[in-house]
Number of protein chains: 10
Amino acid sequence: MTKKAAGEAVLAAKQRLGIGWAQLAEAIGRPPAWTVAALLGQHPVPEAEARIVVRVLELDDDVRWALQAQPTRGALESPVPTDPTIYRFYEVLQVYGPAIKELIHEEFGDGIMSAINFRLDVRREADPAGDRVVVTLDGKFLPYQW
Amino acid sequence: MTKKAAGEAVLAAKQRLGIGWAQLAEAIGRPPAWTVAALLGQHPVPEAEARIVVRVLELDDDVRWALQAQPTRGALESPVPTDPTIYRFYEVLQVYGPAIKELIHEEFGDGIMSAINFRLDVRREADPAGDRVVVTLDGKFLPYQW
Amino acid sequence: MTKKAAGEAVLAAKQRLGIGWAQLAEAIGRPPAWTVAALLGQHPVPEAEARIVVRVLELDDDVRWALQAQPTRGALESPVPTDPTIYRFYEVLQVYGPAIKELIHEEFGDGIMSAINFRLDVRREADPAGDRVVVTLDGKFLPYQW
Amino acid sequence: MTKKAAGEAVLAAKQRLGIGWAQLAEAIGRPPAWTVAALLGQHPVPEAEARIVVRVLELDDDVRWALQAQPTRGALESPVPTDPTIYRFYEVLQVYGPAIKELIHEEFGDGIMSAINFRLDVRREADPAGDRVVVTLDGKFLPYQW
Amino acid sequence: MTKKAAGEAVLAAKQRLGIGWAQLAEAIGRPPAWTVAALLGQHPVPEAEARIVVRVLELDDDVRWALQAQPTRGALESPVPTDPTIYRFYEVLQVYGPAIKELIHEEFGDGIMSAINFRLDVRREADPAGDRVVVTLDGKFLPYQW
Amino acid sequence: MTKKAAGEAVLAAKQRLGIGWAQLAEAIGRPPAWTVAALLGQHPVPEAEARIVVRVLELDDDVRWALQAQPTRGALESPVPTDPTIYRFYEVLQVYGPAIKELIHEEFGDGIMSAINFRLDVRREADPAGDRVVVTLDGKFLPYQW
Amino acid sequence: MTKKAAGEAVLAAKQRLGIGWAQLAEAIGRPPAWTVAALLGQHPVPEAEARIVVRVLELDDDVRWALQAQPTRGALESPVPTDPTIYRFYEVLQVYGPAIKELIHEEFGDGIMSAINFRLDVRREADPAGDRVVVTLDGKFLPYQW
Amino acid sequence: MTKKAAGEAVLAAKQRLGIGWAQLAEAIGRPPAWTVAALLGQHPVPEAEARIVVRVLELDDDVRWALQAQPTRGALESPVPTDPTIYRFYEVLQVYGPAIKELIHEEFGDGIMSAINFRLDVRREADPAGDRVVVTLDGKFLPYQW
Amino acid sequence: MTKKAAGEAVLAAKQRLGIGWAQLAEAIGRPPAWTVAALLGQHPVPEAEARIVVRVLELDDDVRWALQAQPTRGALESPVPTDPTIYRFYEVLQVYGPAIKELIHEEFGDGIMSAINFRLDVRREADPAGDRVVVTLDGKFLPYQW
Amino acid sequence: MTKKAAGEAVLAAKQRLGIGWAQLAEAIGRPPAWTVAALLGQHPVPEAEARIVVRVLELDDDVRWALQAQPTRGALESPVPTDPTIYRFYEVLQVYGPAIKELIHEEFGDGIMSAINFRLDVRREADPAGDRVVVTLDGKFLPYQW
């Protein structure tokens, strides 16, 4: 079983059992964003957590083995995503990418924000003009170092 | 003069005069991220702000006209960016895109985070294990609505 | 069952039972264009409507679950569509895209027509020189707002 | 002078003289959408109209020759547009393309909406929940005919 | 059964039964080029003709339903075809496309040759220097008309 | 001077002097389609004909040298043409390519229509339902031969 | 059975039975290069030869039918091949393509080397500095001829 | 001056002075195919030969410096060449690539034909049925060796 | 069974049996990097080694046949890899490719590092500031040689 | 002046003055590989080093400003490089990429080799069977860390 098939099994079980991501995240003691990314196949799930996931979602050991396996990462179906929810983040990159780059270099010098030593968070912020989605990307700065 | 040429003129003048983005942002009373994106050609700069910019940077009116013009947005040189600083954000999308999508849908239902009614912020967070780059994307939730 | 497979099941059942889109749209009390897009997998169908659809089309619950699931949107088989009926709309974008952009900016200022808070309609307009297809795209204006 | 350069000259002159598209359209007695598309290089402008345009915009005959020339059409800078205002229409095609196709075939049979015998209109519709952009595509139906 | 699978079933049955395209075209009273294109999945086949085809080729009703279905057209496996017989027509477009465009515009004005109100014919022309393939493309002229 | 620049010089001179392709073709004693293709840079023009062309169009010897040079052929700006007049021929290939291939193989056996030993013709055919564009592609059959 | 599947069946049978291409070529009385290309699906194999092939390789009639079928040619998995053995020939084209073109035009005038009336040969040439692969491409010259 | 510009200068001088590739090759004592490839910018030309070339072609030292420079190789304008003369070699790769690969592996084992320790030759072979272009690719076999 | 499927069988068996690459490499007496590449389908595995592998991993003879077969090489799922671990090497090529080229040419003259007569090694180097991955690419220099 | 133009100025000056990379590297007290990458525009050069470079190479201050500027990195002209010297490294990635990934994960766990905290070295290793190019990539291991 591939990690992609495992991810689809997780989604189907969640829908069937009416279990939310927050519940799953709590069950394995991990932040929600990590939990979702990992169960959709982008991180290897440690054995202990994988056992909990398959028990909660009533899945079998094939799913567990797949969840534990080391992924070949990359979740977009094409270089430019077509799903509107995901595309908006690509658009942010098209419009603000160089600005982000300038601000990182001005503040930190030459280097990058790590996408490995990295965490992210998605939360709702109430706003009378319409609630807002706030996504925080938080990665260690890595200076170019020879 | 194209907006791209105007952006390059801004960068060259900044380097020559030793002026930082924070200074420019303050001079026009706008947040730094908006300022950088706008001066690099991704937003039209209102006339008043454009006048300040060209005065501070000792640039001429051709640059000002270009800054004021309505942009055709899109700053990446190719569908997949090659610059490592920018690529890491694309990688975040490759690894975490579907997770962000799941979390938005779980919290808000079917819809998207607007990239138009949107602001972002880049800041440094001190960390003994190495300072961190924290990028906050903050957009209004737009539900699919017929 | 994927949403794509569910859409194909819907098409096959429609052809077999001789049921039209208008009938389906009426059965679930939704506009035709939304109905078609949703049943072809581009919108999640609420449970109540999904139950009606599978009953009318004599399909089983697997189809219903798939119709209810949150889609990853994007219906074109390649960046440039090859089907002539769909391609003509792409051609309209090639020829009139910048003109539409200019007119939106002149009338509304900097911003976009939402494709989320959006509805569309396809209707026939009788014309002695040959009937016409009239497609109305109707989306909320979203101004760039920081 | 290429038609693209002529289009840029038109844009610059409009900005400099503070003349709007509506004024230009009225001056040449054509609908606004046609006027913008034609002056941006997607339609040949008849000599009479071209003479008016260059007079109103204080441009020279090189621009006029270019406006009159037969275009090689196609205005998008890449198969998938990056400008958010234009991208939204591409997204509409991604999400609603097959639905539009189904509705055309159900209503008219096998065939297409012409993009040649075609007109479009962009207008503002006041709405208390936020004004709306309404784009009407109106093309003759062409049945597949051997 | 997809239209593509139906087309392959037709090809296999033709080979097995030793039936030619000319025979099939005559059986359904249609021109050969239309017949081939339709049976390979590029046109919907009316029910009467579809019944004849499956009877002559000893195929079952699944094939018939697929032949009758409305196609999503587009037969090339990639934007640039690799099969040499088909590629030569793409090469003709590469070498003569703009010349054809010029000649159409000189003779007819601004507009296109319809590919919908269209027929084509492939025939052999005896020639002592080697017989020739003559392909005639015959489409209605459609003037750009607002 | 490149062959492309020479082609643009030819187009500009034609427009300025009001000379048509038919006239140019007659002046050099060649069929119109060949003449247009050659002057747009897809065939080397023999010296005698090139001299006539530059004299008739009042162009200089730089243009003549370029017209005489051996071309690197290929006139489409991208793998899929965007100009509607040219795109329709690509669409014909998308819809009828495999049908043409089948008919060539049934009539001639395994092989191709040459695009080198090849001529084409574009003509108007009067038709009460609207005049038609008739394009005839006429190439020698080349059998696969080891 | 597709021609690709037939080719894979041939490769598997060859490996299992320890039969070489030379043997197969001799058995059907054809040059080795033609034999390999044909059995891998790039040429239709005449019935007599196909019967020999399936007898020698102990394959069944499904394979034979597939071998006899007219191919849609094109064996590279992507426009640029990734297999190093095949890539080297693409590299030769990248480095020497224009030189080959110049030499053909200088020697023969405007035209091409046919890839249809064509044969090729691959042989080993002993060399004390390391044996050499010698590939001979031998095609009829086809002059551009209207 | 780039190597590409130098190659164009060489082509223009050859045409102006009526000097052939054979003559140039003889003047510098190199095989014709190497000479053409090198002067078109795909090999660095040693200083002695470069001096001869610019003297014979009456070019200046800028051209000579460019000819001597180390190239970044790659002469095709796009991954798939459009020029028919060059395309035929790409087509050969599409049709015969895997066959060549099989024959190399059967004769030599696992490895490649070098495109570096490599020479090629283009010659005319008289043939009553039409003269033939014979291109010989001759490269050292390199076995995979750890 | 394809080589890809065989590679997946190897990975699954390794995970199930808790056997490491080092163990497998030792069992067949080959360097680890070669072993992994070969078992993942990029090199043909000699029969003796293949027999050991399937015995150690408790796999059957289908896997063995696939491991022994000659590969069509190329392991990246798209021209630009998306997996971060692999992408970093592509990024190295983006940033340092021309520098490596310059240094090879300065030291060795015109030529390449062979990727065929080639070995590589991946090892850990302890470092107080964080251990390092050291990858050594070691290929024979091949001078351009006619 | 762009960083690319500065890099070309550096290359031209080096060739004109007969100065090698080793000399330049020594003059600025940096490793050769860093020096080349930086002067070709992939790293910002600190002011002190930039001053030395332009003095040694007799270049002016425009070059110096460009060398000091922050680069937008990415040196390949297309996603797949065509230059044979650079392509070989891409080929290594195609053939050995997944093997390197496996070995890194087995040795270090889930994570990557940094391309930022990274150095590389290119050296010649004498070998009686032909000298070898040895490229060492040496980057800090970065574990996935939330």
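The model is predicted, and local features need pLDDT of at least 70, side-chain atom pairs count only at pLDDT 80 or more, and totals for chains, interfaces and linings use all residues. Residues are numbered from 1 along each chain as its sequence is written, chains are lettered from A and ligands numbered from 1 in the order in which they are written, and side-chain values use heavy atoms, with hydrogens and water left out.

In it, 71 residues of chain D are in contact with 69 residues of chain C, where contact means heavy atoms within 4.5 Å. The size of an interface is often given as the accessible area lost when the parts come together. For chain D and chain C the buried area is about 6700 Å², and carbon and sulfur atoms give 67% of this area; buried area is the accessible area (1.4 Å probe) that two parts lose on being put together, summed over both. Of the area that chain D buries against chain C, Tyr96(D), Arg132(D) and Val133(D) supply 10%, more than any other three residues.

The rule finds six salt bridges between chain D and chain C, a salt bridge being a side-chain nitrogen of Lys or Arg within 4 Å of a carboxyl oxygen of Asp or Glu. Asp138(D) forms a salt bridge with Arg132(C), with the closest N and O atoms 2.4 Å apart.

The side of chain D that touches chain C receives its greatest contribution from α6(D), with 24 residues. Helices (H or I, at least four residues) and strands (E, at least two) are DSSP runs, numbered from the N terminus. Strand β2 (residues 132–143) of chain C runs antiparallel to β2(D), joined by nine bridges; two strands pair if DSSP finds at least two bridges between them. Thr136(C) has Thr136(D) as its bridge partner in β2(D).

An antiparallel pairing also links chain G and chain H, where nine bridges join strand β2 (residues 132–143) of chain G to β2(H). Here Lys140(G) stands opposite Arg132(H). Within chain H, strand β1 (residues 111–125) and β2(H) pair in the antiparallel sense over eleven bridges, and Val122(H) has Val135(H) as its bridge partner. The hairpin of these strands has six residues between them, and Gly130(H) takes a positive phi near 120° in it.

The area buried between chain I and chain H is about 2400 Å², with 61% from carbon and sulfur atoms. Ile116(I), Tyr144(I) and Trp146(I) supply 38% of the area that chain I buries against chain H, more than any other three residues. Two salt bridges are counted between these chains, including one in which the side chains of Arg73(I) and Asp110(H) meet (2.5 Å, N to O).
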